[in-house]
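Please look over the sequence and the model below before reading on. The paragraphs that follow lead from the overall fold to individual side chains.

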Amino acid sequence: MEFVYEDMDQMSNELLKWKEEYEKHATKLQEVQRDTQEFLKPLMDRLERVDQSIEEQKSRIQAEKALILRNEEKISNLLDKCATIPFVRESGEREEDRETDILTIVVRRVRNLKVRLKKEKK
């Protein structure tokens, strides 16, 4: 019976030792977590600013693409109108039945550009 009390004392001392060990490591863990958060805060703030900047750039890009498409449509409409206007040569001779070579090239290039823009949009 005497050994039982000694064993209980040893077990109580060991339990106390492990509780102290636990408290020591729990405190150390909290310190490390706090230090980590303090270290990461400037980086997280910078990351947030970069994310905001990316979103702003995406918005600007989208607005520019929309502007390009609107301008392209205006150009296309103007070229279509130009194609129907008779061309007068310097000599005074009129070409009413056909488009000029230059105008044909410009119209083709604009249409090709239109096709490329639509493909890039997808």
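What percentage of the residues of the protein count as buried? Of its 122 residues, 8% do, where buried means under 20% relative accessible area, exposed over 50% and partly exposed in between, computed with a 1.4 Å probe on protein chains only. The protein exposes about 11,600 Å², of which carbon and sulfur atoms supply 56%; accessible areas come from the Shrake-Rupley method with a 1.4 Å probe, and for residues only the protein chains shown count as cover.

This is a predicted model, in which local features need pLDDT of at least 70 and side-chain atom pairs count only at pLDDT 80 or more, while totals for chains, interfaces and linings use all residues. Residues are numbered from 1 along each chain as its sequence is written, and side-chain values use heavy atoms, with hydrogens and water left out.

The protein has two helices and two strands, and from the N terminus on these elements run α-β-β-α; helices (H or I, at least four residues) and strands (E, at least two) are DSSP runs, numbered from the N terminus. The predictor's confidence in each residue is given as pLDDT, from 0 to 100, and its mean over the protein is 82, with 79% of the residues reaching 70 or more. Among the elements, helix H1 has the highest mean pLDDT (90), whereas strand S2 (residues 94–95) has the lowest (50). Where pLDDT is low, the predicted coordinates should not be read in detail.

Helix H1 spans residues 2–84, and several side-chain pairs can be followed along it. Three salt bridges are counted, a salt bridge being a side-chain nitrogen of Lys or Arg within 4 Å of a carboxyl oxygen of Asp or Glu. One of them joins arginine 34 to glutamate 38, at 3.9 Å from N to O, and these two residues lie four residues apart in helix H1, about one turn of the helix. Arginine 34 counts as partly exposed because its relative accessibility is 47%, while glutamate 38, at 52%, counts as exposed.

Another salt bridge links aspartate 45 with lysine 41, their closest N and O atoms being 3.4 Å apart; here too, both residues lie in helix H1, four residues apart, about one turn of the helix. Aspartate 45 has a relative accessibility of 30% and therefore counts as partly exposed. Glutamate 55 and lysine 58 also meet through their side chains in a salt bridge, at 4.0 Å from N to O, and because they are three residues apart in helix H1, about one helical turn separates them. Glutamate 55 is partly exposed, at 47% relative accessibility.

Leaving aside neighbours within four places in sequence, glutamate 72 is in contact (heavy atoms within 4.5 Å) with Val110, Lys114 and Leu117. Serine 76, which lies in helix H1 as well, is likewise buried, at 9% relative accessibility, and touches Val110 and Lys114 when residues up to four places away in sequence are not counted.Turning to the aromatic side chains, the charged end of lysine 17 sits over the ring of tryptophan 18, 4.9 Å from its centre; a charge sits over a ring if NZ of Lys or CZ of Arg is within 6 Å of the ring centre and within 35 degrees of the ring normal.
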